[in-house]
Amino acid sequence: MALSKSERKQRIRRRIRKVSSGTTERPRLSVFRSNSAIYAQVIDDTEGKTLLSVSSRDENFAKQEGTKSEIATAVGKAVAEKCKEAGIEKVAFDRGGNLYHGRVKALAEGAREAGLNF
């Protein structure tokens, strides 16, 4: 029986979450990618709370020109800056069932450039 695209992605997402979960010392950086936008959240799974979030739909990115990958890199840098302000240096990366390629990879590399460790 063949799985649909969404069922396959959900299965991959569950497999990733078994391995990486966010703690207070090392929260999880979760990435969600839609066709038009990219979202990043830093989550503490022990308390079940979202510590901070950044999106390409935010006011400072809405007017930004460039490709989707360039915007994803800027979102990654913004997430790293917010993490530094909150005192978070290390995170566990959760690609959200997406391949580590394209915009997801651009976001991760942008966060690394700005000083976030994962």
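**Figure 1. Packing of helix α3 against helix α4 in the predicted model.** Helix α3 (residues 68–86) and helix α4 (residues 103–113) pack with their axes 7 Å apart and at an angle of about 40 degrees; the crossing is right-handed. Contact (heavy atoms within 4.5 Å) is made on the α3 side by Lys-68, Ser-69, Ala-72, Thr-73, Val-75, Gly-76, Lys-77 and Ala-80. On the α4 side, Arg-103, Ala-106, Leu-107, Gly-110, Ala-111 and Glu-113 take part. These residues divide into six nonpolar, four polar and four charged. Ala, Val, Leu, Ile, Met, Phe, Trp, Tyr, Cys and Pro count as nonpolar, Asp, Glu, Lys and Arg as charged, and the others, Gly among them, as polar. Axes are lines fitted to C-alpha atoms over the stretch in contact, with angles from 0 to 180 degrees between N-to-C directions. A crossing is right-handed if the near helix is turned clockwise from the far one by less than a right angle, and left-handed if anticlockwise. Helices (H or I, at least four residues) and strands (E, at least two) are DSSP runs numbered from the N terminus.

Residues are numbered from 1 along each chain as its sequence is written, and side-chain values use heavy atoms, without hydrogens and water. Local features need pLDDT of at least 70 and side-chain atom pairs 80 or more, while totals for chains, interfaces and linings use all residues.

**Figure 2. Buried residues of α4.** Arg-103, Val-104, Ala-106, Leu-107, Ala-108, Gly-110 and Ala-111 are buried (under 20% relative accessible area; exposed is over 50%, partly exposed in between; 1.4 Å probe, protein chains only). The buried residues of α4 pack against α3 and the strands β1 (28–33), β2 (38–44) and β4 (92–94).

**Figure 3. The segment after α4 and Phe-118.** Just after α4, Gly-115 has a positive phi of about 105 degrees. Phe-118, in the segment after α4, is partly exposed, with a relative accessible area of 23%. Phe-118 and Ala-92 are 26 residues apart in sequence, and their C-alpha atoms are 5.7 Å apart. Beyond its neighbours within four places in sequence, Phe-118 is in contact with Arg-26, Leu-29, Val-91, Phe-93, Ala-108, Ala-111 and Arg-112.

**Figure 4. Ser-56 in the loop between β3 (49–55) and α2 (59–62).** Ser-56 is buried, with a relative accessible area of 12%. Leaving aside neighbours within four places in sequence, Ser-56 is in contact with Ala-37, Ile-38, Phe-61, Ala-62, Ile-71 and Val-75.
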